[in-house]
Protein chains: 2
Amino acid sequence: WKNLEPESGIVVKFWLRFKCLILGGLISRVVGFWEKVWDIGVGEPRKVIHCIKVGLALCIVSFFYYMRPLYDDFGGNAMWAVMTVVVVFEYTVGATLSKCINRAVATFLAGALGVGIHWVADHSGNEMKPIILGISVFLFASAATFSRFIPTVKARFDYGALIFILTFSLVSVSGFRVVELLELAQQRLSTIAIGTSLCIFVTMLFCPVWAGCELHRLIHQNMEKLADSLDACVVEYFKDSGNLSEEDLNKKIQGYKCVLNSKATEESLSNFARWEPTHGRFNFGHPWKQYLKLGAALRTCAYCIETLNSCIGSEIQAPPCIRENLGDKCLKVSSYSTKVLKELAITIKKMQKSSKTDFRVAEMNFAVKELRDALKSLPSHVIAPLSIPTIEQPPEGKAGPISIATVPPIMKVLPLVTAVSLLIEIAARIGGIVDAVEELAS
Amino acid sequence: WKNLEPESGIVVKFWLRFKCLILGGLISRVVGFWEKVWDIGVGEPRKVIHCIKVGLALCIVSFFYYMRPLYDDFGGNAMWAVMTVVVVFEYTVGATLSKCINRAVATFLAGALGVGIHWVADHSGNEMKPIILGISVFLFASAATFSRFIPTVKARFDYGALIFILTFSLVSVSGFRVVELLELAQQRLSTIAIGTSLCIFVTMLFCPVWAGCELHRLIHQNMEKLADSLDACVVEYFKDSGNLSEEDLNKKIQGYKCVLNSKATEESLSNFARWEPTHGRFNFGHPWKQYLKLGAALRTCAYCIETLNSCIGSEIQAPPCIRENLGDKCLKVSSYSTKVLKELAITIKKMQKSSKTDFRVAEMNFAVKELRDALKSLPSHVIAPLSIPTIEQPPEGKAGPISIATVPPIMKVLPLVTAVSLLIEIAARIGGIVDAVEELAS
């Protein structure tokens, strides 16, 4: 007995440790997952509201389905109303509307075509019927699938093409007679109408999320992020961090990355926004395509900031006098560029042309000119402070050391000069953004 | 009568012109559209094959539906097989498989849960039943909708969550008894099994398009495009276009834009590729995530080329001697960088570590070192040719004019120096690509 005790003790200990490890790992993963979920919910409460809206819409439509005695007309077809709600309900109003319209129109077109083909097949004799039906399914399904590869169709009618194929094949291969089919089609269309109208109703009345507003918000937020990022980048480069903590600064610098990756979101939002009716300050037919151009202009600026950001890593070896002189000018350019971007962000946000914009742009251009001038006069600036020690040297050696000492070995100023050049390029690209905003405003 | 003739002549003329204009516009638009469609078909014949595959799969599954006497067991549920094929059949094998598995698993889970809830509701009395069902639909639909906002779920199980909501609400609100439900569920699962297995069969046997292969191809094509773009960019800058026409050169330069915009495609392909079984040279569990890292490394390089490209526009004002000297070195760096990228593209393409890579990288680094050295010795290079005229000047003024003439006013060399600096940065980023390829290979 005594011999066994320590052994079992080891086994138990091992088991306990094992359990701790497994359970600990599992629990920490579950906790981590829940924290992530919680963050998403707290970060964007509208997503939680969307989930409640979906639940609500489904409950209402299920009521139709469940209370069959009340709506006996729809029979088993009531299922299609539930299905429509599940498939069609999307986060933004534009996406829901686009799916609703696509679904309704495609169902109607494919149904009509299917009934027509059926009629032709019925009149061609029993032998030809399956052949005609098979060939028509093959042809129309292939053609509709191909249409989904065409970019313009893909962007707007992708879901419609899918529903077209679905409805057409269901109708044309069903064994029903044409009269039965018409009744079936009528029932199905009315259930789909119930589903879609319920979706539109719920999505537009309870806390609607408009794709247009989202696009608008995304663009002006990206503009602000770009402004902060540019400013933080230059400030970090010249180590003039002021009263910002290192962490804050780093976070701000990373802002341009959001701009780099927002192309796909912008495109899908702009595609949905064009389906939306007038809402808030946006009319039907608002120039959403201009937002894409503006987004592209912001991205070209972000590419430059990305390159500028890689300059930060390299040490500045330039002589302090050059560094200080150019540094001041660079900070000036970046702060004025930031002001232009922030002004444009306000213009976009308020949708009012700001009188200050032209003034800000002029300020920025003047700062760029100053920076250029500072660059032009750089050698003489360098000569000035260095020429003092040369006085102590014998006059015959005077010129020699100056000419060598005054030429800043280009490798030393290379990162600085590159940064300056990129800054000038960024200012030029901000000019492109100003143009895009003006085009949008007009 | 005579009075009328000229007038009607005018009307007719006007009408004819109007008709020409309208018809001409319409015809040219239709022709333009068909040309675009034709180009898509000719450009990627696999897309046409995909369309034929969809048509084929639908014809086969319609056969099940049409020949009802043969498969009377399935009854009206055969519709679900057609539906499954339409909804699940995607362009790549990975996408189809992911949808099939999502659909099957989600239907099974939601069906089981729905039957369970139904059983509980049946045992809670007639008054409680609709309340329990309603609350459960609300809760599960909301939770599943929320799960679609979690990025990891969204990437892999988005379709599964949708089908879960659909099946759960259909099952739980259907008025059937549990025994009937079980029979229905069994039938529906078997029709879905028919649909999914047919899809998998058709998509994998006839000219399969593997998402993994597509991703692989996209990455090495992007690498080649980047290489061509870099080379063409530098060649264009130094106007050393060799035997390439201007048009060819411009087309090559634009190659980097494909790389900038391929993030979304890469991510979706890598998500699909992980569902694919072993095919060709790719095993199940191939490190597809590494491809995303490689793609990101390519993109950072593309950002730099984008910035470099904007330097092309600005005129080189640098003195010819500097320009020539640096130009040769720059062309050398770009041609060696291009060689490294092309070698890496071959490595990726053949999936074999090339023995030449290290050699090519060493060559590139040496070229970069030479460029740096050329920059370092730049002032003395400039002094050399200019020091000849100074001999003719009086000795006391000797140093003065040299020191001024030899300092190249920095504004003149600014674009050149920036281009050089960007080229060095690009070479550094290519080093990052080399690392990513090595990580992938190991």
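Modeller: Start with helix H4 (residues 93–122) and helix H5 (residues 128–147), both of chain B: their axes come within 8 Å and cross at roughly 150 degrees. Helices here are DSSP runs of H or I with at least four residues, numbered from the N terminus. Axes are lines fitted to C-alpha atoms over the stretch in contact, with angles from 0 to 180 degrees between N-to-C directions. This is a predicted model: local features need pLDDT of at least 70, side-chain atom pairs count only at pLDDT 80 or more, and totals for chains, interfaces and linings use all residues. Residues are numbered from 1 along each chain as its sequence is written, chains are lettered from A in the order in which they are written, and side-chain values use heavy atoms, without hydrogens and water.

Biologist: How are H4(B) and H5(B) oriented to each other?

Modeller: Angles over 145 degrees count as roughly antiparallel. H4(B) and H5(B) are therefore roughly antiparallel.

Biologist: Which residues in H4(B) and H5(B) meet?

Modeller: Contact means heavy atoms within 4.5 Å. Leu113(B), Ile117(B), His118(B), Ala121(B) and Asp122(B) of H4(B) meet Lys129(B), Ile132(B), Leu133(B), Ser136(B) and Phe140(B) of H5(B).

Biologist: Now the backbone. What is the phi of Cys207(A)?

Modeller: Most residues other than glycine have a negative phi. Cys207(A) is not a glycine, yet its phi is positive, about 40 degrees. Cys207(A) sits in the loop between helix H7 (178–205) and helix H8 (211–237) of chain A.

Biologist: And in chain B?

Modeller: Cys207(B) also has a positive phi, near 40 degrees.

Key:
Helix = DSSP H or I, 4+ residues; strand = E, 2+ residues; numbered from the N terminus. Parallel < 35°, antiparallel > 145°, perpendicular 65-115°, else oblique.
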